[in-house]
Amino acid sequence: MVITMQNLISASILSADFGCLRDELSRCEVSGCDMIHFDVMDGHFVPNISYGVPVLKSIKKYSRLPMDVHLMISEPYKYLSAFADAGADIITFHAEALSDPGETIDRIHELGLKAGISVKPNTSVDWIYKYLNKLDMVLIMTVEPGFGGQGFIFDTLEKIKELRKTADSMGIDLDIEVDGGINAETAPLVTEAGANVLVSGSYLFKAEDMQRNVEILRG
Ligand code: DX5
Ligand code: ZN
């Protein structure tokens with residue numbers, strides 16, 4: 001169980017103002033965010049298209065924060081080395097995608113990065129238990145992937161609790177990340193359930209005072 005650590009905050013730039021992305025990245029840094037969450041959408045795995053390798057490569061130059069890349073794409077394995085070269089520090093792919101999870105995790109590690117696997121709200125965490133001892137992080141989606149600004153799905157809390165319990169029973173110090181609808185009301189609930197890495201987009205970027213909201217999420 002992660003007891004001593006405060007929550008880590010990963011700012012989802014999907015909600016940033018892309019007209020001044022460099023300023024938005026500095027705002028994350030000065031506000032105390034721990035990571036930049038970079039949502040990649042292919043218009044196939046999810047019904048939306050965001051940004052990819054060239055954008056990551058550009059923004060990497062303007063931020064010292066680790067790049068937490070969330071691949072919402074159908075064939076993540078194919079693109080791992082491209083995202084590693086562009087500056088990813090953590091790559092998380094979806095359990096529901098077409099790539100073999102074991103091979104994908106191994107390849108991410110071979111590239112020298114941390115590996116995470118993600119499950120959508122309706123996907124059970126049970127079948128990823130067999131990969132737990134080689135994963136750095138599990139991302140529990142708390143909204144349907146594809147869009148920022150959606151409402152938190154409360155049913156996902158049970159899954160977070162179950163995952164934390166299983167990781168503890170296996171003696172694994174796992175990072176559990178949550179993504180979607182994280183704000184002042186939902187942050188204490190996910191933390192209590194066992195999450196320790198909180199992704200937040202609209203709650204941070206739409207804030208007048210981002211630093212204050214980072215502190216609220218950190219708990
Ligand atoms: C949704 C993305 C999220 C999104 C979160 O598919 O994975 O990272 O940006 O946005 P908020 O915090 O606004 O729900
Ligand atoms: Zn995300």
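**Notebook: a barrel and its helices**

I began with Val40 and found that Leu71 is its bridge partner in S3. I use DSSP runs for helices (H or I, at least four residues) and strands (E, at least two), numbered from the N terminus. Two strands pair, in my notes, if DSSP finds at least two bridges between them.

The model is predicted, so I kept its rules in view: local features need pLDDT of at least 70, side-chain atom pairs count only at pLDDT 80 or more, and totals for chains, interfaces and linings use all residues. I number residues from 1 along each chain as its sequence is written, letter chains from A and number ligands from 1 in the order in which they are written, and take side-chain values from heavy atoms, leaving out hydrogens and water.

**Entry: the barrel**

How many strands make the closed barrel? I count eight, running S1-S2-S3-S4-S5-S6-S7-S8 with parallel pairing. From one strand to the next the twist averages 25 degrees. For angles I use axes that are lines fitted to C-alpha atoms, for helices over the stretch in contact, and the values run from 0 to 180 degrees between N-to-C directions. As background, I note that strands of a sheet pair through backbone hydrogen bonds, either parallel or antiparallel.

**Entry: S2 and S3**

I looked up strand S2 (residues 35-41) and strand S3 (residues 67-72), which run parallel and are joined by six bridges. Helix H2 (residues 53-60) lies across S2 and S3 and runs at about 170 degrees to S3.

**Entry: S1 and its neighbours**

S1 and S8 run parallel with four bridges between them. Within that pairing I found Leu8 opposite Val197, and Leu198 as the bridge partner of Ile9. The chain goes from S1 through helix H1 (residues 21-30) to S2 in a right-handed β-α-β crossover. By right-handed I mean that, with the strands pointing away from the viewer, the path from the first strand over the helix to the second runs clockwise.

Is S1 enclosed or open? Four of its five residues are buried, so S1 is largely enclosed by the rest of the structure. I call a residue buried under 20% relative accessible area, exposed over 50%, and partly exposed in between (1.4 Å probe, protein chains only).

**Entry: S7 and S8**

Strand S7 (residues 175-179) pairs with S8 in the parallel sense over three bridges. Val178 has Leu198 as its bridge partner in S8. With helix H6 (residues 187-193) between them, S7 and S8 form a right-handed β-α-β unit.

I then checked the side chains of S8: Val197 and Val199 point one way, Leu198 and Ser200 the other, and all are buried. I set beside this the general rule that side chains in a regular strand alternate between the two faces of the sheet.

**Entry: helix H8**

Which residues of H8 are buried? I listed Met210, Asn213, Val214, Leu217 and Arg218. Seen down the axis of H8, the buried residues fall within an arc of 140 degrees, so they line one face of the helix. The arc is that of the directions from the helix axis to the C-beta atoms. The cover over these residues includes S1, H1, H6, S8 and helix H7 (202-205), contact meaning heavy atoms within 4.5 Å.

**Entry: cysteines**

I searched for disulfides, taking one as a pair of cysteine sulfur atoms within 2.5 Å. The count comes to zero. Cys28 is in no disulfide, and its nearest cysteine sulfur, that of Cys33, is 4.5 Å away. For Cys33, likewise in no disulfide, the nearest is that of Cys28. Cys28 is buried at 0% relative accessible area, and Cys33 counts as buried at 4%.

**Entry: two other residues**

Where is Asp173? I found Asp173 in the loop between helix H5 (156-169) and S7. Its relative accessible area is 64%, so Asp173 is exposed. Asp173 and Asp39 are 134 residues apart along the chain, with 25 Å between their C-alpha atoms.

Ser26 lies in helix H1 and counts as partly exposed, at 33% relative accessibility. Ser26 and Arg64 are 38 residues apart along the chain, and their C-alpha atoms are separated by 9.3 Å.
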